[in-house]
Amino acid sequence: MKKAEFIALVADKAGISKKDADTAADAVFAAIEEVLASGDKLSLPGFGTFEVRERAARMGHNIRTGEPTEIAACKVPTFRPNAQLKGKVNGNAAG
């Protein structure tokens, strides 16, 4: 699903214009980015949790040359769905 399709779905579900849905979606995404950039965790009951995890430095290899190369440590945003969302995705209404 592309963003335009998502915005149309949100507008339909909320009974608002596509322009208002686009503005709201952009605000939600910006807020999530802000929370994660500050290092906080965002828990949404009935949906899941967004958080930042540390990835340790590790050894990898250059695919073209086969030479070993060090991959630097970094932070990555992650999403962990809760049981209710997992249930809906798997076709279980109750989760």
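Predicted model: local features only at pLDDT ≥ 70, side-chain atom pairs only at ≥ 80, totals over all residues.
1. Now look at how the two helices cross. Helix α1 covers residues 3-14 and helix α2 covers residues 18-37; they pack at an angle of about 110 degrees, and their axes lie 8 Å apart. Angles of 65 to 115 degrees count as roughly perpendicular, so that is the word for α1 and α2.

2. Next, find the largest pocket, with a volume of about 270 Å³. Among the residues lining this pocket are F6, L9 and V10, together with A21, A24, L44, F47 and F50. Helix α2 gives the most to the lining, with 6 residues, and α1 and α2 each supply at least two. What kinds of residue make up the lining? The lining has 12 nonpolar residues, no polar and no charged.

3. The strands deserve a visit too. Strand β1 (residues 42-44) runs antiparallel to strand β2 (residues 48-55), and 3 bridges join them. The hairpin they form has 3 residues between the strands, and there G46 takes a positive phi near 80 degrees.

4. Finally, follow F50. In β2, F50 is the bridge partner of L42, and F50 also stands opposite F79 in β5. Strand β5 (residues 74-81) pairs with β2 in the antiparallel sense over 8 bridges.

How values were computed. Residues numbered from 1 in each chain as written. Heavy atoms only, no water. Pairing = 2+ DSSP bridges. Helix = DSSP H or I, 4+ residues; strand = E, 2+ residues; numbered from the N terminus. Axes fitted to C-alpha atoms, helices over the stretch in contact; angles between N-to-C directions. Parallel < 35°, antiparallel > 145°, perpendicular 65-115°, else oblique. 1 Å grid on protein atoms, 1.4 Å probe; cavity = no way out; pocket = protein on both sides within 12 Å on 5 of 7 lines; lining within 4 Å. Points joined across faces, edges and corners; volume = space filled by probe spheres on them. Nonpolar A, V, L, I, M, F, W, Y, C, P; charged D, E, K, R; others polar.
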